[in-house]
Amino acid sequence: MNNEKSLSVSEIRDGLRSGKFSAAEIAEDYFKKIEKKDKSIHAYLNLNKKSGLEAASWVDSRLKSGEDLPDLAGVPIALKDVIMSEGLPCTASSKILENYISSYDATVVKKLKEQGAIILGKTNTDEFAMGSSTETSAYGPTKNPHDLERVPGGSSGGSAAAVAADMAVVALGSDTGGSIRQPAGFCGTVGFKPTYGAVSRFGLLAMCSSLDQIGPFARSVKDAEMVFEEIKGEDRYDATSFDLPDRRLWEKEDLKNIVIGLPKEYLEGGLSKEVETTIKNVIHEFTDMGAVFKDISLPHTKYALPCYYIIMPAEASTNLARYDGIRYGRSKDAKSLLEIYEKTKGERFGEEVKRRILLGTFVLSSGYYDAYYAKAQRVRRLIREDFEKAFDSDKVDAILAPVSPSPAFKIGEKTQNPMEMYLSDIFTIPANLAGIPGLAIPAKNKEGDLPIGFQLMGKWGDDKNLFSLGKLYESI
Amino acid sequence: MAINKETIEHLAELARVKISDKQKEKLAFDLEGILGHFQELTELDTRDVSPVTGGTDLMNVFKDDEENDELLSKGKDAFPEKEKGFLKVPAVFDKSDHE
């Protein structure tokens, strides 16, 4: 894809300290790369050039005065356009927020700025993070850097493509049903969905509040971990956030006696030939490192998709009620209050958003609430218990699974059939419903020309273990 | 579950969103298809299963109720219409309500 060697977070950290390059040089270099490459990829919706370069000079001046800087100082980072950064637009790739400028920093952005990270700009997403291909963006699709005729996945497709094409060193996305891990898999980057509550969502535009999590994209597991370490933690502005327990099961050189569960429901049928072969290769690689595989069953897996597509639209339809034409600009030719609501939403929400608002309204409406929404909440318990049994009774340390049933599909291939699009999240949704962490890693020994990822799912709160396991895989 | 144009109109009214006639037919078709996939859930007996009502098991998370003047003024600045320091919103009642 690109011939120049991409820098890692630690290479930037070390290079800045040894004087090999300045933060300003790095930032300028990345803005140039974006200018050159993004015409064909369209990962970014807007850039933060002026403030980004100022932040870089600030890092340089502190370095000159001999200050010891944090790990992410001078590291160029991209933000999915559902995460607020003060003074920058935040559109959620929707016409309804076309002119909205963030009034404050999301907690994750505040933490990154305190580190001295360089915010490069905001990246494309499916409208309000609703989609699996970045095609529902009101500002046009993002292309997969590995094949411009294919989607980068979604909804955080812009962030995944930016990191894959080295238009950012790392990026943040949000994952509600796979929106970090699936695009990471399609673009050949690492993507991490933390345990629910590990990272504050203050300043994240809410889609499905009981599932949304912010997490990093990176070109290595180590880089993803370095970003995660800085953004995690309890935040008084997000009541669901908490400090992860400080436990790490393995800090070892090999994987001897580590038990990895293989859920049969993820591996029987439905996988493309390339994904099936690639997963077999990954299993071999882990086995060679000493890991022991154990066949497990997560019997409610097939119910995860319908369960998710009830809960998510229900919460989304509620969350999106705030875009009513009063707070964020309105349709010009509406007269009565009712007309303002209806016309503003009608004109400025895209088709997928409307579909989910209506679906959510339906499953919450009188007469259907118990049959759909209340039912899905109970099924969610069964899905969560499947994982608890695997970790507690079957005693597996992690679970290995594909990220998606197939590699990146062609642009336009699934836009006419919503159900087919929804099916591309079939392996990522369960971790969100259960609240557990999931780490997508590009397979080294893959079948075919496109990237293929696999994911490791961990016990609730065991985020650190997944990073240890992922780093060992990368080191072989 | 059959979804027709009238169902879509009812849902659109509840959600306060205008849907064009052309979109109504497509959405009715899509929703019917999607709801069809939800039927799978009826296979499961969930009578004795307690619902998961949110993403977290944390209980009673409190924080002090503090004024944040900075955030308040930034929020005001971001509001689309203002007059003399007040936020301007469309009239809630129209003239017919007074008659």
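# Briefing on a predicted two-chain model

In this predicted model, 53 residues of chain A are in contact with 42 residues of chain B, where two residues are in contact if their C-beta atoms, placed from the backbone, lie within 7 Å. Residues are numbered from 1 along each chain as its sequence is written, while chains are lettered from A and ligands numbered from 1 in the order in which they are written. Because the model is predicted, local features need pLDDT of at least 70 and side-chain atom pairs count only at pLDDT 80 or more, whereas totals for chains, interfaces and linings use all residues.

**The side of chain A that touches chain B**

- The elements that give two or more residues to this side are H10, helix H11 (337-348), helix H12 (351-364), H13 and helix H14 (418-422) of chain A; helices (H or I, at least four residues) and strands (E, at least two) are DSSP runs, numbered from the N terminus.
- H13(A) gives the most to the side of chain A that touches chain B, namely 11 residues.
- By class, the side of chain A that touches chain B holds 28 nonpolar, 12 polar and 13 charged residues, where Ala, Val, Leu, Ile, Met, Phe, Trp, Tyr, Cys and Pro count as nonpolar, Asp, Glu, Lys and Arg as charged, and the others, Gly among them, as polar.

**Helix packing in chain A**

- Helix H10 (residues 304-319) of chain A and helix H13 (residues 370-392) of chain A have axes that come within 9 Å and cross at roughly 130°; axes are lines fitted to C-alpha atoms, for helices over the stretch in contact, and angles run from 0 to 180 degrees between N-to-C directions.
- H10(A) and H13(A) are therefore oblique to each other, given that angles under 35 degrees count as roughly parallel, over 145 as roughly antiparallel, 65 to 115 as roughly perpendicular and the rest as oblique.
- In the contact of these two helices, H10(A) contributes Ala304(A), Cys307(A), Ile310(A), Ile311(A) and Ala314(A), and H13(A) contributes Tyr372(A), Tyr373(A), Ala376(A), Val379(A), Arg380(A) and Ile383(A).
- The residues of the contact of H10(A) with H13(A) comprise 10 nonpolar, no polar and 1 charged.
- Helix H7 (residues 221-231) of chain A packs with helix H16 (residues 463-475) of chain A at an angle of about 155°, their axes being 9 Å apart, and that makes H7(A) roughly antiparallel to H16(A).
- Val221(A), Lys222(A) and Glu225(A) in H7(A) meet Phe467(A), Gly470(A), Lys471(A) and Glu474(A) in H16(A), a contact whose residues divide into 2 nonpolar, 1 polar and 4 charged.

**The nonpolar core**

- The largest nonpolar core has 166 residues, and those with the most contacts inside it are Ile77(A), Ala168(A) and Val170(A); such a core is a set of buried Ala, Val, Leu, Ile, Met, Phe, Trp, Tyr and Cys residues joined through C-beta atoms within 7 Å.
- H10(A) supplies the largest share of this core, 10 residues.
- Leaving aside its neighbours within four places in sequence, Val170(A) is in contact with residues including Val9(A), Val75(A), Ile77(A), Pro216(A) and Phe217(A).

**Loops and backbone in chain A**

- Pro141(A) lies in the loop between S3 and H5 of chain A and is buried, with 22 other C-beta atoms within 10 Å; a residue is buried if 20 or more other C-beta atoms lie within 10 Å of its own, exposed if 12 or fewer, and partly exposed in between, with C-beta atoms placed from the backbone.
- Not counting residues up to four places away in sequence, Pro141(A) touches Thr134(A), Glu135(A), Val151(A) and Ile411(A).
- A cis peptide bond, with omega of about 10°, joins Gly154(A) and Ser155(A), and Ser155(A) is found in the loop between strand S3 (118-123) and helix H5 (157-164) of chain A.
- Lys395(A), although not a glycine, has a positive phi of about 60°; Lys395(A) is found in the loop between H13 and strand S9 (398-402) of chain A and is exposed, with 11 other C-beta atoms within 10 Å.
- Most residues other than glycine have a negative phi, and most peptide bonds are trans.

**Chain B**

- The axes of H1(B) and helix H2 (residues 21-38) of chain B come within 9 Å and cross at roughly 100°, and H1(B) and H2(B) are therefore roughly perpendicular to each other.
- Arg16(B), in the loop between H1 and H2 of chain B, has a positive phi of about 55° although it is not a glycine, and Arg16(B) counts as buried, with 21 C-beta neighbours inside 10 Å.
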